[in-house]
Amino acid sequence: LPASKKTRALLGYLVVVGARPQPRLRLCELFWEGPDDPRAGLRWSLTKIRPLVDDAAATRLVADREHVVFDPGGALVDLAVLEALGPLASAPLDSLRRAAALYRGDLLEGLDLPDCYRYHEWCVAERERTRHASSAILATLVSRLDGRPDEALAHARTCVAIDPLSEAAHIAVMQLLAKLGRPLEAIRQYESCRRILETQLGRAPGRELEVARASLGRASTPREEAMAGTLETRPAAAVATRTAPSVVPSEAPIPLVGRGAESAAIADALRDAAAGTWRRVL
(Lines give C-alpha, C1' and ligand atoms only; values in the text may rest on other atoms or scores of the structure.)
Protein backbone atom coordinates (compact mmCIF):
# COMPACT_ATOMS: atom_id res chain seq x y z
CA LEU A 1 0.00 0.00 0.00
CA PRO A 2 1.20 3.56 -0.62
CA ALA A 3 2.67 5.52 2.27
CA SER A 4 0.11 8.30 1.83
CA LYS A 5 -2.70 7.83 4.34
CA LYS A 6 -4.98 9.93 2.17
CA THR A 7 -4.32 7.70 -0.86
CA ARG A 8 -5.12 4.59 1.17
CA ALA A 9 -8.32 6.24 2.41
CA LEU A 10 -9.26 7.05 -1.19
CA LEU A 11 -8.78 3.40 -2.16
CA GLY A 12 -10.95 2.29 0.77
CA TYR A 13 -13.64 4.79 -0.14
CA LEU A 14 -13.79 3.66 -3.78
CA VAL A 15 -13.99 -0.01 -2.75
CA VAL A 16 -16.77 0.62 -0.21
CA VAL A 17 -18.99 2.67 -2.54
CA GLY A 18 -18.50 -0.06 -5.15
CA ALA A 19 -20.13 0.17 -8.54
CA ARG A 20 -21.37 3.76 -8.15
CA PRO A 21 -19.15 6.01 -10.32
CA GLN A 22 -17.81 8.90 -8.24
CA PRO A 23 -17.45 12.36 -9.79
CA ARG A 24 -13.89 13.60 -9.62
CA LEU A 25 -15.20 16.84 -8.16
CA ARG A 26 -16.73 14.97 -5.22
CA LEU A 27 -13.51 13.06 -4.58
CA CYS A 28 -11.61 16.35 -4.57
CA GLU A 29 -14.06 17.80 -2.06
CA LEU A 30 -13.80 14.72 0.15
CA PHE A 31 -10.00 14.55 0.28
CA TRP A 32 -8.32 17.68 -1.11
CA GLU A 33 -10.43 20.69 -0.28
CA GLY A 34 -7.93 23.46 0.38
CA PRO A 35 -5.45 25.82 -1.25
CA ASP A 36 -3.55 23.04 -3.07
CA ASP A 37 -4.53 21.76 -6.52
CA PRO A 38 -7.16 19.08 -5.69
CA ARG A 39 -7.27 17.56 -9.17
CA ALA A 40 -3.50 17.13 -9.25
CA GLY A 41 -3.63 15.43 -5.85
CA LEU A 42 -6.37 13.09 -7.06
CA ARG A 43 -4.44 12.20 -10.24
CA TRP A 44 -1.31 11.43 -8.21
CA SER A 45 -3.22 9.16 -5.80
CA LEU A 46 -4.92 7.29 -8.67
CA THR A 47 -1.52 6.56 -10.22
CA LYS A 48 -0.43 5.01 -6.90
CA ILE A 49 -3.62 2.93 -6.59
CA ARG A 50 -3.80 1.58 -10.14
CA PRO A 51 -0.85 -0.88 -9.89
CA LEU A 52 -2.32 -2.28 -6.67
CA VAL A 53 -5.70 -3.27 -8.10
CA ASP A 54 -5.20 -3.73 -11.83
CA ASP A 55 -3.69 -6.87 -13.32
CA ALA A 56 -3.66 -8.79 -16.58
CA ALA A 57 -7.07 -10.29 -15.81
CA ALA A 58 -8.97 -7.10 -15.04
CA THR A 59 -8.84 -3.32 -15.04
CA ARG A 60 -10.48 -2.55 -11.72
CA LEU A 61 -9.78 1.17 -11.43
CA VAL A 62 -11.81 2.71 -14.25
CA ALA A 63 -11.45 6.47 -14.68
CA ASP A 64 -12.31 9.05 -17.29
CA ARG A 65 -12.22 12.85 -17.27
CA GLU A 66 -15.27 13.14 -15.01
CA HIS A 67 -15.70 9.93 -12.98
CA VAL A 68 -13.79 7.23 -11.11
CA VAL A 69 -15.17 3.80 -10.18
CA PHE A 70 -13.79 0.61 -8.65
CA ASP A 71 -14.89 -2.58 -10.41
CA PRO A 72 -14.08 -5.67 -8.26
CA GLY A 73 -13.47 -7.77 -11.35
CA GLY A 74 -13.46 -11.04 -9.43
CA ALA A 75 -11.68 -9.65 -6.34
CA LEU A 76 -13.08 -10.60 -2.94
CA VAL A 77 -14.51 -7.63 -1.03
CA ASP A 78 -15.37 -8.63 2.53
CA LEU A 79 -18.00 -5.91 2.93
CA ALA A 80 -19.78 -7.16 -0.19
CA VAL A 81 -19.94 -10.64 1.36
CA LEU A 82 -21.68 -9.23 4.43
CA GLU A 83 -24.17 -7.29 2.34
CA ALA A 84 -24.95 -10.30 0.12
CA LEU A 85 -26.20 -12.46 3.00
CA GLY A 86 -29.80 -11.29 2.71
CA PRO A 87 -32.26 -12.02 5.57
CA LEU A 88 -30.17 -13.39 8.42
CA ALA A 89 -32.92 -15.62 9.79
CA SER A 90 -32.85 -17.75 6.63
CA ALA A 91 -29.12 -17.52 5.86
CA PRO A 92 -27.23 -20.86 5.98
CA LEU A 93 -25.24 -21.39 9.15
CA ASP A 94 -21.95 -21.82 7.26
CA SER A 95 -22.53 -18.54 5.42
CA LEU A 96 -23.05 -16.76 8.72
CA ARG A 97 -19.83 -18.30 10.07
CA ARG A 98 -17.86 -17.15 7.02
CA ALA A 99 -19.29 -13.66 7.28
CA ALA A 100 -18.50 -13.45 11.00
CA ALA A 101 -14.92 -14.55 10.36
CA LEU A 102 -14.44 -11.63 7.95
CA TYR A 103 -14.92 -9.06 10.73
CA ARG A 104 -11.44 -8.19 12.00
CA GLY A 105 -12.00 -4.66 13.24
CA ASP A 106 -13.59 -1.36 12.32
CA LEU A 107 -14.11 -0.43 8.70
CA LEU A 108 -11.01 1.33 7.29
CA GLU A 109 -9.41 1.19 10.72
CA GLY A 110 -6.57 3.68 11.09
CA LEU A 111 -7.67 5.71 8.08
CA ASP A 112 -9.26 8.57 10.00
CA LEU A 113 -8.80 11.96 8.36
CA PRO A 114 -10.32 14.50 10.79
CA ASP A 115 -9.10 17.42 8.65
CA CYS A 116 -11.11 16.08 5.69
CA TYR A 117 -14.39 16.56 7.50
CA ARG A 118 -16.66 15.35 4.68
CA TYR A 119 -14.76 12.07 4.38
CA HIS A 120 -14.53 11.81 8.17
CA GLU A 121 -18.32 12.10 8.58
CA TRP A 122 -18.87 9.49 5.86
CA CYS A 123 -16.33 7.15 7.48
CA VAL A 124 -17.90 7.42 10.95
CA ALA A 125 -21.37 6.69 9.54
CA GLU A 126 -20.14 3.69 7.50
CA ARG A 127 -18.29 2.27 10.49
CA GLU A 128 -21.43 2.46 12.58
CA ARG A 129 -23.40 0.73 9.81
CA THR A 130 -20.90 -2.12 9.46
CA ARG A 131 -20.65 -2.53 13.25
CA HIS A 132 -24.42 -2.89 13.40
CA ALA A 133 -24.41 -5.41 10.52
CA SER A 134 -21.63 -7.47 12.09
CA SER A 135 -23.32 -7.41 15.50
CA ALA A 136 -26.56 -8.64 13.90
CA ILE A 137 -24.73 -11.52 12.21
CA LEU A 138 -23.01 -12.51 15.45
CA ALA A 139 -26.24 -12.28 17.47
CA THR A 140 -27.96 -14.50 14.89
CA LEU A 141 -25.14 -17.03 15.19
CA VAL A 142 -25.43 -17.04 18.98
CA SER A 143 -29.15 -17.77 18.81
CA ARG A 144 -28.72 -20.43 16.09
CA LEU A 145 -25.92 -22.21 18.00
CA ASP A 146 -28.06 -22.96 21.02
CA GLY A 147 -26.75 -26.52 21.22
CA ARG A 148 -23.09 -25.45 20.88
CA PRO A 149 -22.47 -23.03 23.76
CA ASP A 150 -18.68 -23.07 23.38
CA GLU A 151 -18.83 -21.82 19.80
CA ALA A 152 -21.67 -19.45 20.59
CA LEU A 153 -19.67 -17.93 23.48
CA ALA A 154 -16.84 -16.88 21.14
CA HIS A 155 -19.33 -15.02 18.92
CA ALA A 156 -21.06 -13.46 21.93
CA ARG A 157 -17.72 -12.15 23.25
CA THR A 158 -17.00 -10.61 19.84
CA CYS A 159 -20.37 -8.87 20.06
CA VAL A 160 -19.30 -7.32 23.37
CA ALA A 161 -15.99 -6.24 21.85
CA ILE A 162 -17.82 -4.51 18.98
CA ASP A 163 -20.31 -2.76 21.24
CA PRO A 164 -19.31 -2.75 24.93
CA LEU A 165 -22.40 -0.68 25.79
CA SER A 166 -24.82 -3.35 24.54
CA GLU A 167 -26.48 -4.93 27.56
CA ALA A 168 -27.98 -7.63 25.32
CA ALA A 169 -24.47 -8.72 24.28
CA HIS A 170 -23.33 -8.92 27.90
CA ILE A 171 -26.47 -10.88 28.84
CA ALA A 172 -25.76 -13.41 26.06
CA VAL A 173 -22.23 -13.95 27.43
CA MET A 174 -23.56 -14.35 30.98
CA GLN A 175 -26.19 -16.88 29.95
CA LEU A 176 -23.72 -18.95 27.91
CA LEU A 177 -21.19 -18.98 30.75
CA ALA A 178 -23.92 -20.17 33.11
CA LYS A 179 -24.91 -22.88 30.64
CA LEU A 180 -21.27 -24.02 30.54
CA GLY A 181 -21.19 -24.26 34.34
CA ARG A 182 -19.06 -21.14 34.87
CA PRO A 183 -21.26 -18.92 37.08
CA LEU A 184 -18.37 -16.98 38.63
CA GLU A 185 -17.24 -15.83 35.19
CA ALA A 186 -20.84 -14.88 34.42
CA ILE A 187 -20.95 -12.71 37.55
CA ARG A 188 -17.67 -11.06 36.58
CA GLN A 189 -19.18 -10.31 33.16
CA TYR A 190 -22.13 -8.63 34.90
CA GLU A 191 -19.78 -6.56 37.06
CA SER A 192 -17.80 -5.54 33.99
CA CYS A 193 -20.98 -4.42 32.21
CA ARG A 194 -22.17 -2.52 35.29
CA ARG A 195 -18.88 -0.60 35.53
CA ILE A 196 -18.94 0.23 31.82
CA LEU A 197 -22.49 1.59 32.04
CA GLU A 198 -21.66 3.66 35.10
CA THR A 199 -18.44 5.16 33.72
CA GLN A 200 -19.54 5.65 30.10
CA LEU A 201 -23.25 6.45 30.45
CA GLY A 202 -23.62 7.40 34.11
CA ARG A 203 -26.49 4.98 34.65
CA ALA A 204 -27.29 1.73 36.40
CA PRO A 205 -27.90 -1.58 34.58
CA GLY A 206 -31.32 -2.10 33.03
CA ARG A 207 -33.98 -4.49 34.25
CA GLU A 208 -33.08 -7.32 31.84
CA LEU A 209 -29.45 -7.29 32.93
CA GLU A 210 -30.47 -7.37 36.58
CA VAL A 211 -32.83 -10.28 35.89
CA ALA A 212 -29.98 -12.13 34.17
CA ARG A 213 -27.77 -11.51 37.21
CA ALA A 214 -30.49 -12.70 39.61
CA SER A 215 -30.88 -15.91 37.60
CA LEU A 216 -27.29 -16.81 38.44
CA GLY A 217 -28.30 -17.32 42.06
CA ARG A 218 -26.08 -16.78 45.06
CA ALA A 219 -22.80 -17.87 43.46
CA SER A 220 -19.88 -16.13 45.12
CA THR A 221 -17.06 -14.27 43.47
CA PRO A 222 -13.48 -15.30 44.29
CA ARG A 223 -13.18 -12.29 46.62
CA GLU A 224 -16.33 -13.28 48.49
CA GLU A 225 -15.10 -16.86 48.77
CA ALA A 226 -11.76 -15.66 50.18
CA MET A 227 -13.55 -13.54 52.76
CA ALA A 228 -15.76 -16.48 53.69
CA GLY A 229 -12.68 -18.70 54.09
CA THR A 230 -11.08 -16.14 56.41
CA LEU A 231 -14.24 -15.98 58.49
CA GLU A 232 -14.38 -19.76 58.84
CA THR A 233 -10.79 -19.93 60.17
CA ARG A 234 -11.52 -17.54 63.04
CA PRO A 235 -12.30 -18.91 66.50
CA ALA A 236 -15.99 -19.55 67.03
CA ALA A 237 -16.12 -17.12 69.97
CA ALA A 238 -14.70 -14.33 67.82
CA VAL A 239 -17.26 -15.00 65.12
CA ALA A 240 -20.08 -15.00 67.64
CA THR A 241 -18.88 -11.73 69.12
CA ARG A 242 -18.67 -10.19 65.65
CA THR A 243 -22.11 -11.31 64.50
CA ALA A 244 -24.15 -10.69 67.64
CA PRO A 245 -24.19 -6.95 68.34
CA SER A 246 -25.94 -5.80 71.48
CA VAL A 247 -29.26 -3.97 71.25
CA VAL A 248 -30.17 -1.34 73.79
CA PRO A 249 -33.96 -0.87 74.02
CA SER A 250 -35.33 2.63 74.15
CA GLU A 251 -38.25 3.64 76.31
CA ALA A 252 -39.61 6.03 73.68
CA PRO A 253 -38.95 6.67 69.98
CA ILE A 254 -36.31 9.33 69.39
CA PRO A 255 -37.66 11.97 66.99
CA LEU A 256 -35.68 12.89 63.88
CA VAL A 257 -34.84 16.61 63.69
CA GLY A 258 -32.92 18.77 61.30
CA ARG A 259 -33.75 16.69 58.22
CA GLY A 260 -35.40 19.36 56.09
CA ALA A 261 -32.78 19.42 53.34
CA GLU A 262 -32.60 15.64 53.20
CA SER A 263 -36.37 15.30 53.06
CA ALA A 264 -36.53 17.84 50.24
CA ALA A 265 -33.82 15.95 48.31
CA ILE A 266 -35.79 12.71 48.72
CA ALA A 267 -38.97 14.36 47.51
CA ASP A 268 -37.14 15.76 44.45
CA ALA A 269 -35.68 12.33 43.72
CA LEU A 270 -39.10 10.71 43.88
CA ARG A 271 -40.53 13.30 41.51
CA ASP A 272 -37.65 12.70 39.08
CA ALA A 273 -38.19 8.94 39.33
CA ALA A 274 -41.87 9.36 38.51
CA ALA A 275 -40.86 11.44 35.50
CA GLY A 276 -38.37 8.78 34.42
CA THR A 277 -35.26 10.97 34.72
CA TRP A 278 -33.71 9.63 37.95
CA ARG A 279 -30.77 7.31 37.27
CA ARG A 280 -29.68 6.20 40.72
CA VAL A 281 -31.06 4.09 43.52
CA LEU A 282 -32.48 5.93 46.51
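**Close-up 1. Leu-108 in the loop between α5 and α6.** Leu-108 is found in the loop that runs between α5 (93-102) and α6; helices here are DSSP runs of H or I with at least four residues, numbered from the N terminus. This is a predicted model, where local features need pLDDT of at least 70 and side-chain atom pairs count only at pLDDT 80 or more, while totals for chains, interfaces and linings use all residues. Residues are numbered from 1 along each chain as its sequence is written, and side-chain values use heavy atoms, with hydrogens and water left out. Look at the backbone here: phi of Leu-108 is near 50 degrees, a positive value in a residue other than glycine. Leu-108 also counts as buried, because its relative accessibility is 17% (buried means under 20% relative accessible area, exposed over 50%, partly exposed in between, with a 1.4 Å probe and protein chains only).

**Close-up 2. Helix α8 and what covers it.** Helix α8 takes in residues 167-179, so 13 residues, and reaches 18 Å from its first C-alpha to its last, close to the 18 Å expected at 1.5 Å a residue (the expected span is 1.5 Å times one less than the number of residues). Its buried residues are Glu-167, Ala-169, His-170, Ile-171, Ala-172, Val-173, Met-174, Leu-176 and Leu-177. Among the elements covering them are α6 (117-144), α7 (149-162), α9 (183-201) and α10 (207-214), with contact meaning heavy atoms within 4.5 Å. Just after α8, Gly-181 takes a positive phi of about 75 degrees.

**Close-up 3. Tyr-13 and its ring partners.** The count comes to five aromatic pairs; rings of Phe, Tyr and Trp (its six-membered ring) pair if their centres lie within 6.5 Å, and planes under 30 degrees apart are stacked, over 60 edge-to-face and the rest tilted. Tyr-13 and Phe-31 make an edge-to-face pair, because their ring centres are 6.1 Å apart and their planes sit at 75 degrees. Tyr-13 belongs to helix α1 (residues 5-17) and Phe-31 to helix α2 (residues 24-31), so this pair ties together parts 18 residues apart in sequence. Tyr-13 is buried at 2% relative accessibility, and Phe-31 is buried at 1%. Tyr-13 also pairs edge-to-face with Trp-122, at 4.7 Å centre to centre and 65 degrees between the planes. Since Trp-122 lies in helix α6 and Tyr-13 in helix α1, that pair ties together parts 109 residues apart in sequence. Trp-122 counts as buried too, at 14% relative accessibility.

**Close-up 4. The ring cluster.** Ring pairs link Tyr-13, Phe-31, Trp-32, Tyr-119 and Trp-122 into a cluster.

Conventions:
Helix = DSSP H or I, 4+ residues; strand = E, 2+ residues; numbered from the N terminus.
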